[in-house]
Amino acid sequence: MRVSINKFGQFLWVCVFLAVLSYICVACVSSNEGAGAPHENKSSALKPATAVAAVSLIPRRILFGSPDKATPQISPDGSKLAYLAPVGGVLNVWVGPVNAPEQAQPVTKDEKRGIRNYFWAYTNQHILYLQDKGGDENWHVYLVNLQTMETWDLTPLEGVRAEIEAVSYKFPNQVLIGLNNRDPQLHDVYSVDLTTGDRCLKLENSGFASFVIDDDYAIRFGIRMTPDGGKELLSLTENNEWKEFMAIGPEDSMTTSIAGFDQTGQVLYLIDSRQRNTAALTTLDLNTGKQMVVAENAKADLSDVLVQPATNVLQAAAFTYERKKWDMLDSAVAADFKALSEVADGDIELASRTLDDTVWIIAYLLDDSPVRFYRYERATKNATFLFASRSDLEGQPLVKMHPVIIQSRDGLELVSYLSLPLSESAGQSITPPKPIPLILFVHGGPWARSDWGYNASHQWFANRGYAVLDVNFRGSTGFGKAFLNAGNREWGAKMHDDLLDAVHWAVEQGIADPEKVGIFGGSYGGYAVLAALTMTPDTFACGADIVGPSNLVTLLHSIPPYWAPMIDLFTTRVGDHRTDEGCKFLEKRSPLTYVERIERPLLIAQGANDPRVKQTESDQIVHAMEAKGIPVTYVLYPDEGHGFARPENRLSFFAVAEAFMSQVLGGRFEPIGEDFAGSSITIPAGAQNVPGLDKALQATG
């Protein structure tokens, strides 16, 4: 088992758009999709400066189309390998023999959005995956029987959101699924039989945001928010009564959580930031109350834990400041990582493993290469190359990503990532010969973070002639609770100041031309774009907002019902829309309030079915701009939600965005051409503002 520590933050506006940009929605590896054959150049030095005309234009289809293969998962018994690969351009699950992945065949038949999340059942004969309709995020859980090749919808309920609550090797024919069919705000827990599809209620939810369940399918704890933005953990007694177990204050609520249990079920693995700044990996003996620190880092929160799949023994812990660093907790695993470090370049990720922990699927992550996957036999320390995520990236003029630390005006360290065009790179310097256009790339969340590694958007912008700066502003996760909490109630204020400080740094360093700075982002990043063009209208030459909220009052009033148990977290960290005073505060932080200040070109993109940031958020600022005679280009997709999952839609958006940025900032661009084919793209406003857009729309009818 590899436990991701960001689970609590993941359901809090994690930006699906950023996922799409680097195809995290496919590979679930952030900006990385896989790793494999040795990378020949072990030097991290930048390539010599190259004339811009000599750098070939990387086609958008190579950067943003579906990968060749992604997200490989070995079956628990080690006999089969599954992975995602296109069928007619749409990602589906393929399964084949583990020793002959080239013999794999597709076992799913998605023809629209593509499958992004799937996993093996412990039967070794079933694949489970999640899918929604048109981006509405009402996920259904589907089961594929590999013997009969039948596919069942295990949760065939309209307007209901299914969530996987637990999967255990002790119950191979059952999974626990949460459903909000009784109450849209609350997910009850059901046991679902994989052989019959029968569903049995296990626990009716009486007001909890989530549950902690052990390998015996015992519901051990319920988690609910407190009015101050904190949370409390209640344990479920043998008499099915809830008993107070732990109170976690608002300052620790997003950096303290349960990561699992040891094999006895009596030792709790706890990620804990209480009485400290960064979240450490600790153990808590439930019988004695004794707590011990297992792994810690002074600058970064725990980001990953490796746990032996069957015995639950802690094996390794990772902390990510600029780049991920593993701390070995098990000597055998330390020997494995040492052997793996000699196989290929790149940061090592354990993508999948067998139940007996003898075979691993390893990903090697690099910034200037597609991700590469290997099958690793622990007994022999032998690694066999499987495949790279995108073979057509091989030989393309990819660039390095440089971690840089930028000081905010009040002394915070902003861990950031800078990419430069090959034509402007020389040696180890991060300063081009002369200042060039810059894209400030803002991550979503905001309770998330940007990481080092291959990032399709960085490569895209750099290839077109822009410097790209990706900033972890205050409120980003992973850098300790003080940094996270410094973002409380700072939307459009100090969080925005951090972005301005990053631009100022880039100008001071001679990287950015101050007259040619664009801002680009989705979800919270989209909000940051709107805030930039309304609150600091002279700083940025243009902006591209994707699914960004324009009015924080209407945003909080329209959250999905299943987020209602977390409303106190939002009101503590953003502002309280339930009071007159809170609404006034939120209106001051809302870009819509200052729409008349917009002076620079703005591109807005939205999915009509977005359950998080409703279409109203984009409609209302577009209408306000039109009413004041301010130009705007509005791209709307009727079959998308919080981001663009359909390959055709994704490609069409990047075609529009590339032409839009080019006409303002002067970078190179690939003509739209046939990139609207099969897309549902509509342009309710401003098609005339982007070169080639009217013609492309006419060509698609």
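Q: What makes the span of helix α14 (residues 647-665) close to the expected one?
A: Helix α14 has 19 residues and reaches 27 Å from its first C-alpha to its last, close to the 27 Å expected. The expected span is 1.5 Å times one less than the number of residues. A helix here is a DSSP run of H or I with at least four residues, and a strand is a run of E with at least two, numbered from the N terminus. The model is predicted: local features need pLDDT of at least 70 and side-chain atom pairs 80 or more, while totals for chains, interfaces and linings use all residues. Residues are numbered from 1 along each chain as its sequence is written, and side-chain values use heavy atoms, leaving out hydrogens and water.

Q: Why is α14 called mostly covered?
A: Buried means under 20% relative accessible area, with exposed over 50% and partly exposed in between (1.4 Å probe, protein chains only). In α14, 16 of its 19 residues are buried.

Q: Why is the pair of Phe-520 and Phe-653 called tilted?
A: Rings of Phe, Tyr and Trp (its six-membered ring) pair if their centres lie within 6.5 Å; planes under 30 degrees apart are stacked, over 60 edge-to-face, and the rest tilted. By this rule there are 37 aromatic pairs. Phe-520 and Phe-653 are 6.5 Å apart centre to centre, with 50 degrees between the planes, so they form a tilted pair.

Q: What does this pair tie together?
A: Phe-520 lies in strand β33 (residues 512-522) and Phe-653 in helix α14, so the pair ties together parts 133 residues apart in sequence. Both Phe-520 and Phe-653 are buried.
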